[in-house]
2 protein chains.
Amino acid sequence: VQFDEATALLVGDSLQSLAFQLVAERTIAHSAALQLEMVRMLALAAGSRGMAGGQAIDLDSVGKSLTQTELEFMHMHKTGALIRAAVLLGAHCGDGVEAEYLDAINHYAKCVGLAFQVVDDILDVEASTATLGKTAGKDAENNKPTYVSILGLSDARNLAQELHQNALSALTGFGDKARRLVQLADFIVRRQS
Amino acid sequence: VQFDEATALLVGDSLQSLAFQLVAERTIAHSAALQLEMVRMLALAAGSRGMAGGQAIDLDSVGKSLTQTELEFMHMHKTGALIRAAVLLGAHCGDGVEAEYLDAINHYAKCVGLAFQVVDDILDVEASTATLGKTAGKDAENNKPTYVSILGLSDARNLAQELHQNALSALTGFGDKARRLVQLADFIVRRQS
């Protein structure tokens, strides 16, 4: 908004390259092989089987009616894949995370990613443009399928709570070590903008 | 052109992620550490200090008069960095390339990258739209500084020949092993589209 679309696109391209650069150039995991695996995770999450693919589905969905399953499929790719990658990449920086813990973290990230989107849809209906920090009511105006348009406001709120609880349950085995992840889940569900 | 701008952008994003994925997921170099270095090279060439930065300079240059040095600086980033990375990444896949050879390959790639751009500027003036495969005469119409607008057609042609010769000279130490790189340089300078 402040500059222009071409500049915004170039900044996005630059930041995406910077993400790969950072994963590759510092010693952030305990082997180069594991860091290569992290590069691969980020690439998959950003590309046609992740964010870019989800965005393509989103473009294709405008004006269509989707089932809740189809909507979830779209969001799992569009925003979910990169949120999951962000959480899992963090976990891979630790000293050898065991497979069962990675599963738990993966489940947490999946729930948090979807909760983010459900809350986004709720805020688009409930919040004012001033609070939201972007134009409210845009989804309905653009005839976009959302959790609110499919489930109604009340059930969308219940779903957000359920995903929040599932995210927190996935973390119980970690005790206080997962404090930051609990805070992140709380923030995502309670945010007003 | 065939689909729409949003789809084209998403395909570009997907292909960029795919490039990182491919460099990271196959065993293409003789150590994971070297492959990480290759990821870093690709990220730097694509990002704000490479292609994206060069494109930003290009956007900023429309309607301005640049010196030949400024024009070269822009092209070294906008297209040169990624061409250089492509050539150097190939060299890194080999069985341990020595530093002096990497310098020679780097010099080759730099000359070929610039030659590509000089020829691009010449073709924009000389070729018909039908031969070129894109609209001819666009640079002058958009008031963009080019090698032809700065040097004139004759000196631009001389510069392309000179860069071509320098590129080939850089390869002399490699003998027949560099056959493909010689062909690539020849193709870039002789192409008509």
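## The interface between chains A and B

Chain B and chain A bury about 2200 Å² between them, with 74% of that area on carbon and sulfur atoms, in what is a predicted model. On the side of chain B, the residues that lose the most area to chain A are B:Leu10, B:Ser17 and B:Leu36, which together account for 24% of what that side buries. The contact draws on 27 residues from chain B and 27 residues from chain A.

## Polar and charged pairs, and the elements involved

Two salt bridges are found across the interface of chain B and chain A; one of them joins A:Arg40 to B:Glu25, whose closest N and O atoms are 3.9 Å apart. Between chain B and chain A there are also two residue pairs in polar contact, both at pLDDT 80 or more.

The elements of chain B that give two or more residues to the side touching chain A are helix H1 (5-25), helix H2 (32-46) and helix H3 (51-61), and H1(B) gives the most, with 12 residues. Sorted by class, that side of chain B has 15 nonpolar, eight polar and four charged residues.

A:His92 is found in helix H4 (residues 68-92) of chain A, and it counts as buried because its relative accessibility is 14%, where the cut-off for buried is under 20%. Leaving aside residues up to four places away in sequence, A:His92 touches A:Ala29, A:Leu34, A:Met38, A:Met41 and A:Leu102.

A polar atom of the A:His92 side chain lies 2.8 Å from the backbone oxygen of A:Leu88. The C-alpha atoms of A:His92 and A:Asn106, which are 14 residues apart along the chain, are separated by 12 Å.

Notes:
Residues are numbered from 1 along each chain as its sequence is written. Chains are lettered from A and ligands numbered from 1 in the order in which they are written. This is a predicted model: local features need pLDDT of at least 70, side-chain atom pairs count only at pLDDT 80 or more; totals for chains, interfaces and linings use all residues. Side-chain values use heavy atoms; hydrogens and water are left out. Contact means heavy atoms within 4.5 Å. Buried area is the accessible area (1.4 Å probe) that two parts lose on being put together, summed over both. A salt bridge is a side-chain nitrogen of Lys or Arg within 4 Å of a carboxyl oxygen of Asp or Glu. A polar contact is a pair of N or O atoms within 3.5 Å; within protein, one must be able to donate a hydrogen and the other to accept it, and residues adjacent in sequence count only if both atoms are side-chain atoms. Helices (H or I, at least four residues) and strands (E, at least two) are DSSP runs, numbered from the N terminus. Ala, Val, Leu, Ile, Met, Phe, Trp, Tyr, Cys and Pro count as nonpolar, Asp, Glu, Lys and Arg as charged, and the others, Gly among them, as polar. Buried means under 20% relative accessible area, exposed over 50%, partly exposed in between (1.4 Å probe, protein chains only).
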